[in-house]
Amino acid sequence: MESRRVTKTLEDQGMVERQVREIYDFFYSIPPNSQSVVLELQRDKHFDYLTRGLRKLGPSFSVLDANRPWISYWTLHSLALLGESIDAKLENDAIDFLTRCQDKDGGYGGGPGQMPHLATTYAAVNSLITLGSPKALSSINREKLYTFLLRMKDTSGGFRMHDGGEVDVRACYTAISVANILNIVDDELIHGVGNYILSCQTYEGGIAGEPGAEAHGGYTFCGLAAMILINEVNRLDLPRLIDWVVFRQGVEGGFQGRTNKLVDGCYSFWQGAVAFLIQRLNLVVHEQLGLSNDLGTESADDSSESELSDEEEHLEGTSSHVEETCPLGQEGQENASDTTKKADIGYEFINRPIAMRPLFDSMYLQQYVLLCSQIDGGFRDKPGKGRDHYHTCYCLSGLSIAQYSWTNEADDPPLHRDVFGPYSRNLLEQIHPLFNVELDRYYEARKFFSGL
Amino acid sequence: MDSGKEKRTRIPFKERPDWADVKPVPQDDGPCPVVPIAYTEDFSETLDYFRAIYIADERSPRALQLTAEAIQLNPGNYTVWQFRRVVLESLGVDLHEELKFVDRIAGENTKNYQIWHHRRWLAEKLGADAVTTELEFTKKIFSEDAKNYHAWSHRQWVLQALGGWEDELAYCQQLLGDDIYNNSAWNQRYFVVTRSPLLGGLAAMRELEVNYTVQAIRASPENESPWRYLRGLYKNDTQSLVEDSQVASVLLDVLTSKNSHVHALSLLLDLLCHGFEPSQELKSAVDVLTPQSCSPDLALTKRVCSILEHADPMRVKYWNWRKSTVPVQSAQCQNTDRLANLSM
């Protein structure tokens, strides 16, 4: 075997590294006040780009004609992250359009008259939750949607995307996500899903789209989020999953989707959210590591305090409360939530303290998104690529996650030092990381669908 | 059905005599749709006629031809593909012809879910007949894009459902020879080694595979893929990994070389967490790498974490966390066994 022959992988990687280095070299060469300007989130330009797309898309978008609820979601969610709302007329138009995508037998298709599809159903439901009005939320036919979800269940335990469609981890996540957020989840829907997802965790630690395939950021997010939502996350090998995901952050600061692949801004969300979800799974992670969980965790607040009290102490490797032997059998929140209504796992989860500090480099991720993915209006995969709504949505979602990853609880604002660039200009709204909808809209939807 | 030719000679449906009986159905977009697409006239018209036959459930040769035209305009339209399958089944069309059609579409759309799903459906219908074509087809894709996710999934499905395992390990070998950093090829190798009915399974293959992997590591120790693969070879059997002398030896070589040490230290850390007893030489290698600021009294495991914090600053928080969660050894082993049992 020749030593370090320049293969395709190395060549491609080298090219991206050079482009990124050029950007960073320039950035570090300019005075701090100019740096601050370069780092600014171009809110107005993003707003223009997004609202323009809502009103008109060129003929080249015909290839996305079966993905229009997705374009709605990417756009509306991006606007929500920017703290923008759309006017009443546009909101009504959006509700009307999405209603036309709703199938008479439940679920949403990629456009009016198309077959219902799980992915576009997820996108339509998240769009309507992002719009947030009672009119938007009540436009969803939940009873029919439930029968659609049940019809998509496959004997493997997974879900198929549409009648006669493919079965994969994406389908599992989108089905479970909408079922949870709409409060229509039950045992029949969940049955077998955990086995299917578990069979997709690979030897690398991440999760693949199908059993046997390669670990991948998008599917790892889908698999992990779905496992949390069905309350079976303890079945995954979390230490290996964590080790895999932290290694996906590359020298550019952004994440790659797979081992030895190129960085891509959209994985700021898919991988970043995996790392962020892990921060609330400390009890089950500790259990898998054979560490006893502090008895103090009976009170959730204590656990966050003791975990977060002193990072320097961790540097010395003491964190004595963890190593002090407590009798195992401190079951923790994961089991306690067995008695919680299944649909409320999303709520219980977001209300857990963020008991672990981020295991990825949140500042460096923000640097990549702001300097390499951001362009004048919209975001892109990497330097040299064009913008699109998909990358705009997931770069912003990942940026939000990176900004809030050092907070202790949902609803806490981040500290200034944890937000890269000018604080008030760059700070985004926060998301619910299991559903990727803006957090306040999630709360509203939960209230609405649980009849509170 | 060459798409270029078709474009030049396309006659609108409304001018085609054999479509005179069909009333096109416009898209129900409403008065002020959001995300409206400025369709070309050809696009709108084709889809209007598609809706008409889809709603009428017309399973005819002209319907089949129409779906071909609609797919060429937007290969992402899963409704059209699904209806095409319904028509194909009803008409009893020769599916070898259909394969050729998909070949033509696939050339420019290798990352489209629908095409691959359709191909899988076709291959399933064709059975053993499809093995060679599908393996060759995916090979062709890999010659352009050796990491195409859909193509790999398709290939794995073909192998499992229809067979054709004979040359698969050699093929992985060839791809890794081209690019040892191709993680998709490593993943495929793992797939073959663990699932091929011809090789006797992981236990039978492990020694050979460890040899191969260790060699790849020595050639490029900064390549993450073989390190993960090596751990994978011992999935659910960490004890054997800890006891494998080849593993200890490659660790020593890498740690005493001038190469990147991160993956070696990371594996060493895992081994130490599972009761690995390092040789004096290995301990000395770690001593050499230990930063001066590090207390000499610190346990070896924690010292490895400290080295990693310096050597891999991007992941300093991860290594710091690892240091804080270095387990009580026995508990960790017990737990891993428990997990192993669960996943078996």
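Analyst: A salt bridge is a side-chain nitrogen of Lys or Arg within 4 Å of a carboxyl oxygen of Asp or Glu. This is a predicted model, in which local features need pLDDT of at least 70 and side-chain atom pairs pLDDT 80 or more, while totals for chains, interfaces and linings use all residues. Residues are numbered from 1 along each chain as its sequence is written, chains are lettered from A and ligands numbered from 1 in the order written, and side-chain values use heavy atoms without hydrogens or water.

User: How many residues apart in sequence are the parts tied together by A:Asp376 and A:Lys45?

Analyst: Over all chains there are 51 salt bridges. In one of them, the side chains of A:Asp376 and A:Lys45 meet at 3.6 Å, N to O. A:Asp376 belongs to the loop between α21 (362–373) and β1 (379–380) of chain A, and A:Lys45 to helix α3 (residues 43–55) of chain A, so the parts they tie together are separated in sequence by 331 residues. (Helices, H or I of at least four residues, and strands, E of at least two, are DSSP runs numbered from the N terminus.)

User: Which three residues supply more of the area that chain B buries against chain A than any other three?

Analyst: Chain B brings 85 residues to the contact (heavy atoms within 4.5 Å) and chain A brings 99. The buried area, meaning accessible area (1.4 Å probe) lost on putting the two parts together and summed over both, is about 7,800 Å², with 52% from carbon and sulfur atoms. The three residues that supply 11% of chain B's share are B:Tyr78, B:Tyr149 and B:Arg228.

User: Which helix gives the most residues to the side of chain B that touches chain A?

Analyst: Seven salt bridges are counted between chain B and chain A. Among them, B:Asp29 and A:Arg68 pair through their side chains at 3.0 Å, N to O. With eight residues, the element of chain B that gives the most to this side is helix α18 (residues 316–324).

User: Are α6(B) and α7(B) roughly parallel or antiparallel to each other?

Analyst: In chain B, helix α6 (residues 113–126) packs against helix α7 (residues 130–144) at about 155 degrees, with axes 9 Å apart; axes are lines fitted to C-alpha atoms over the stretch in contact, and angles run from 0 to 180 degrees between N-to-C directions. The contact includes B:Trp116 and B:Leu126 of α6(B), and B:Phe137 and B:Ile141 of α7(B). Because angles over 145 degrees count as such, the two helices are roughly antiparallel.

User: What separates the C-alpha atoms of A:Arg142 and A:Phe449?

Analyst: A:Arg142 lies in helix α8 (residues 142–151) of chain A. Beyond four places in sequence, A:Arg142 touches A:Leu182, A:Asn183, A:Ile184 and A:Phe449. A:Arg142 and A:Phe449 are 307 residues apart along the chain, and their C-alpha atoms are separated by 9.6 Å.

How values were computed: Parallel < 35°, antiparallel > 145°, perpendicular 65-115°, else oblique.
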